[in-house]
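This briefing goes through a few charged pairs, a surface patch and some local features. Please keep the sequence and the structure in view while reading.

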Amino acid sequence: MSETNNLVLSMKNIDKRFTGVHALKGVNFDLYEGEIHALVGENGAGKSTMMKALTGIFPKDSGDIIYLGKPYKPGNPKEVLEEGIGIIHQELNMMDQLTVAQNIFIGRESTKLGGLILDKEAQYKRTLELFGRLNMDIDPLEMLGNLTVGKQQMVEIAKAVSHDLKILILDEPTAALTETEINELFTIMRDLAAKGVGMIYISHRMDEINQITDRVTVLRDGEYVGTKTTLDVSKEEIISMMVGRVIYEEPKSKSNVPEGAELVLQVDKLNAGRMVRDISFDLRKGEILGFAGLMGAGRTETARALFGADKIESGQIRINGELVHITSPMDAVSHGIGYLSEDRKRYGLATGLSVSDNAILASYDMYENGLFIHAKQVEKVTSGFVERLRIKTPSLNQLLKNLSGGNQQKVVIAKWLIKNSDILIFDEPTRGIDVGAKSEIYTLMNELVKDGKSIIMISSELQEILRMSDRIVVMSEGRITGKLSIEDASQESIMKYATMQKYKN
Amino acid sequence: MENLSKKNNILQNLSDIGLQRILAPAALVLLYIFFGLFGRNFFSYDTMVNIFDSSYYIGFIAIGVTFVIISGGIDLSVGTVMMCSAIIGGTAYKTWGWPMWISLLLILAVGIAFGFINGLLVSRLKLPPFIATLGTMMISMGVGSIVANVRSATFPTRASEDGWFKSIFKYIGDDGFSIPTGAFVLFGVAFIAFIILTKTKMGRYIFAIGSNKEAARLSGVDVKKWEMMAYVVAGATAGIGGISFAAVYTTVMPAQGQGFELYAIAGAVIGGTSLSGGIGTVFGTLIGVYIMSVLRAGLPSMDLQAHYQTFFTGVVVIVAVLLDIYRTQKASVIKIATPSKE
C-alpha cells in the first residue's frame with residue numbers, strides 16, 4: 001500500500017482569525033491510518049482551535065481539509081462524529097446517574113415493538129460486545145458515577161469508538177488518571193491503532209509523548225513549527241520547538257529586590273487537595289515572584305488555598321514572620337493579602353454594579369462610621385485610583401460590564417490598592433487583555449513593588465514570566481518542580497520543569 | 001433610511017437611560033387617571049384612603065422581600081410569617097392578658113425570629129432559599145394556628161382603651177374624617193430601607209452578594225452574615241406588616257397569609273427588582289405595590305369584581321418582566337455595536 005492510500009486526514013494552510021487574534025496562521029497537519037500523532041504547544045499555541053476547526057465547533061477561515069481522500073467540510077459536531085471523527089475532551093461529558101450502557105447508546109437506544117419500548121437486553125449485549133472488542137472489563141449496568149475517572153474515560157472512548165471511528169482525538173486524556181490507568185489507556189490506544197484508527201494526541205507530558213506516539217507536530221503562537229518522527233527527536237528538541245527562539249520582549253536581566261529584603265510571606269508544606277501538594281516558598285518585600293507552569297499545574301489552586309478561598313489541609317503560613325491561620329478570604333484580606341482571580345468575571349467582579357461599588361467593595365470598613373458610608377470620601381478615594389490607574393470610564397457610576405477587559409482588571413487592582421493590601425496575588429493578570437492595556441498593567445506592577453508591595457504573579461505566558469519576575473517558581477501536577485532566579489531562567493529551563501512529572505500519583 | 005435609524009437610536013438611548021425608571025411610576029399615574037375617567041366615583045378621597053389602607057401589609061413585606069431578592073434569594077414565607085406573628089400577638093393580648101404594647105413588640109419579635117431562622121437556613125446550612133422559605137412558610141402557618149389554638153385573635157376596637165395603636169395606621173376624627181396615617185408609616189419604613197440599601201455597608205454588601213456572591217466572598221465580605229441580614233430585614237417587615245394588619249382589620253384568622261408573599265414578590269418585580277439579584281429599589285417596589293392596589297380599588301369601580309385584580313396583576317407582572325428582558329437585550333445588542341444591516 002502506498003503512503004497516500006494510508007492518509008486519513010490532511011489539513012493544509014489552516015487559517016483562523018477571531019476578533020483581534022490571529023489564532024491559526026497557515027497550520028499543516030496530517031494523520032495516517034493507525035498512527036498516533038502528538039499535537040503539542042504551549043497554552044494558546046492553537047491546538048484546541050485546530051481541533052475545533054476539524055470537529056465543526058467553528059469554521060476555518062481558509063485552508064483545506066482532506067478527509068479519506070476527499071475535501072471535507074465539517075458540519076455540526078454530531079455529524080462529524082457520524083462521519084467518523086470523535087473527540088475525547090479533558091473533562092468528561094457524560095451523565096453520572098445513568099448506567100454505562102445508557103451513556104454509550106444515548107440517543108441510539110436499542111428498541112423493540114417498533115421503537116416504542118427500550119430493549120435493555122439488546123443494549124446490554126451491544127455494550128458487552130463493544131467492550132469485548134476493546135478488551136475493556138466494565139459492567140454495562142453499573143451506574144457511571146460509581147466508576148473511577150479512568151474507567152469513565154474508557155467508557156467515553158468506547159462510546160466514541162462505537163461510532164466506527166477513523167480518527168480519535170484525545171485532548172489531555174491522562175490529566176486526571178493514575179499511572180495504572182494511564183497504562184491501561186495506552187494499551188487500548190495501541191489496540192485501536194492496530195485496528196487502523198488514527199489518533200491525535202494532545203498532551204503536555206513529554207514522557208508520554210515518547211512512549212505512545214509515532215510522530216509529533218509542534219505549534220507555536222498559531223504557527224506551524226514542524227513535524228518530527230518521535231523516535232528521531234529528543235525531549236529538549238521538542239521543548240525548544242515549542243518555545244521558539246524569538247523573544248518579543250526583553251526579559252528582566254537581574255532581580256530588583258535588594259539583598260536581605262525582609263520576608264513578607266513564608267509558606268511551608270502547604271497541602272490543599274490534589275493540586276496543592278507540599279508547597280513551600282518565600283516572598284520578599286518588593287519582589288515579583290513568578291509562578292510558571294502549564295494549565296492545570298496547581299498554581300491557581302495554590303493561590304486560592306493561600307487566600308482562604310479553598311480549605312487548607314495542612315501547612316504553615318507566616319506573614320511578616322508571624323504564624324497566621326487563614327480559613328476564609330476574610331482572614332486573608334485582614335492579613336493584607338489581595339487576590340486578582342484568573343477569571344475576573346466569575347470571581348473578581350460584580351459586573352452588574354458600578355465602578356465605584358466594585359473598587360470600594362473590600363474597604364467599606366475603612367470608609368464608614370459604624371452607621372453610614374462616607375459617600376464623599378468613597379468618591380474621593382475611588383476617583384483618585386481611577387485617575388492613578390488610568391481607568392477609562394465615563395463616570396464612577398458606570399456599570400462594570402460596560403468597561404473593556406483591561407479596565408475591568410484595573411478596577412480589581414484598584415480594589416486591593418484601596419484596601420492597602422501588601423501581598424498581591426495576580427493570577428493571569430493580562431489574560432484576555434489587549435496589548436496596550438497589558439503594558440500598562442506591567443508598568444503598574446513595577447510601580448507597586450517599588451512602593452514596597454510584594455506580588456505573586458501566576459502566568460502561563462513564559463515571556464511575561466521572564467519579563468516581570470525577580471524569581472520564578474515552576475509547578476507541575478500540584479507540586480513545585482523547580483525554583484529559578486531570574487538570572488538562571490530561560491524559556492527552556494522553565495519548560496523543562498513545567499513538563500516534569502516529579503511524583504507519580 | 002439613515003435618518004430613520006438615527007432617530008431610532010436616539011429613542012433607544014432615551015429608553016435605556018430613563019424609561020425603566022419612569023415606566024412603572026408612569027403606569028401608576030396612567031392607571032389612576034384611567035380609572036378616574038372611566039370608573040364610577042374613583043376620584044374621591046374615600047377611594048384614595050381605601051387604596052392606602054389596603055396596601056400597608058403588602059407594602060411592608062414587599063420592602064422586606066426586596067432586600068432578599070436583591071441578595072439573590074427569595075422569601076416565600078413573608079406572608080404567613082406576618083399573619084403568624086399577628087395572631088400570636090393577638091393571642092398574647094387576649095388570652096394571656098399581656099399589655100398591648102408588649103403584645104405589639106411580640107409581633108415584631110416573632111417576625112424577626114422567623115427571618116433569623118430563614119437566614120440561618122440559607123446562609124449557614126446552605127439550603128436553597130426557595131426550599132428554606134417554603135418550609136418556614138408552612139411552619140409559620142402551623143405555628144400561628146397552634147399558638148392560637150385554631151381560634152381567631154381579635155384585637156381591641158378603636159373605642160376601647162387599648163385601641164390607641166389603631167390610630168398609628170388610621171386617624172379618625174370626631175366628625176368621622178379619616179387620615180390614612182399608615183401611609184406615612186409605610187413611607188417612613190421605606191425611607192429607612194432606602195437609606196440602609198444605599199447608604200450603609202449592609203446595603204452595599206447585599207447588592208454585591210446578589211450581583212456576584214463569589215466575588216463578594218473573595219473580596220473579604222462576610223457573605224454569610226450579610227446574606228442572613230437580608231432575611232432578618234424581611235422578617236422585621238413581616239412583623240411591622242403584622243401590626244398594620246391587626247390595626248386595619250382587627251380580627252386575625254389562623255392559617256391566613258398564604259398568597260400574600262406572591263403579591264409582595266410581584267410588587268418588587270413590577271418595580272424593577274431583578275429576580276437574579278443585584279438590582280432593585282425600594283421606591284420601585286412601592287410603586288409596584290400601589291399599582292396592584294389601584295387595580296384592586298379601580299376594577300370594582302368599573303363593575304368588574306375584585307377577583308379581576310389577580311388576573312390583571314398577573315398580566316402586569318408578565319408585561320413588566322418582558323419589558324425588562326427586552327430592554328436588557330437591546331442594551332447588550334447596542335453594546336456589541338454590530339453594524340445595522342437595514
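How many of the nine residues of helix α2 (residues 47-55) of chain A are buried? The answer is seven, so helix α2 of chain A is mostly covered, buried meaning under 20% relative accessible area. The model is predicted.

**Helix α2 of chain A and what follows**
- Among the buried residues of α2(A) are Lys47(A), Met50(A), Met51(A) and Leu54(A).

**Salt bridges**
- Over all chains, the structure holds 29 salt bridges.
- One of them joins the side chains of Lys235(A) and Asp207(A) at 3.2 Å, N to O. Lys235(A) is in helix α9 and Asp207(A) in helix α8 of chain A, 28 residues apart.
- In chain B, the side chains of Asp303(B) and Arg40(B) form a salt bridge of 2.2 Å, N to O. These two residues are 263 residues apart and both lie in loops: Asp303(B) between α13 and α14, Arg40(B) between α1 and α2. Asp303(B) is exposed at 56% relative accessibility, while Arg40(B) is partly exposed at 48%.
- A network of salt bridges links Arg304(A), Asp310(A), Glu214(B) and Arg217(B).

**Positive surface patch**
- Lys311(A), Arg124(B), Lys126(B) and Lys224(B) make up a patch of positive charge on the surface.

**A buried polar contact**
- Thr430(A), in the loop between β19 and α16 of chain A, is buried at 3% relative accessible area.
- The side chain of Thr430(A) makes a polar contact of 2.4 Å with that of Glu464(A).

Definitions and conventions: Residues are numbered from 1 along each chain as its sequence is written. Chains are lettered from A and ligands numbered from 1 in the order in which they are written. This is a predicted model: local features need pLDDT of at least 70, side-chain atom pairs count only at pLDDT 80 or more; totals for chains, interfaces and linings use all residues. Side-chain values use heavy atoms; hydrogens and water are left out. Patches are made of residues with over 30% relative accessible area and no salt bridge: like charges are joined within 9 Å, nonpolar side chains (Val, Leu, Ile, Met, Phe, Trp, Tyr) within 5 Å. Accessible areas come from the Shrake-Rupley method with a 1.4 Å probe; for residues, only the protein chains shown count as cover. A salt bridge is a side-chain nitrogen of Lys or Arg within 4 Å of a carboxyl oxygen of Asp or Glu. Lys and Arg count as positive and Asp and Glu as negative; His and the chain ends are not counted. The place of a charge is taken as NZ of Lys, CZ of Arg, CG of Asp or CD of Glu. Helices (H or I, at least four residues) and strands (E, at least two) are DSSP runs, numbered from the N terminus. Buried means under 20% relative accessible area, exposed over 50%, partly exposed in between (1.4 Å probe, protein chains only). A polar contact is a pair of N or O atoms within 3.5 Å; within protein, one must be able to donate a hydrogen and the other to accept it, and residues adjacent in sequence count only if both atoms are side-chain atoms.
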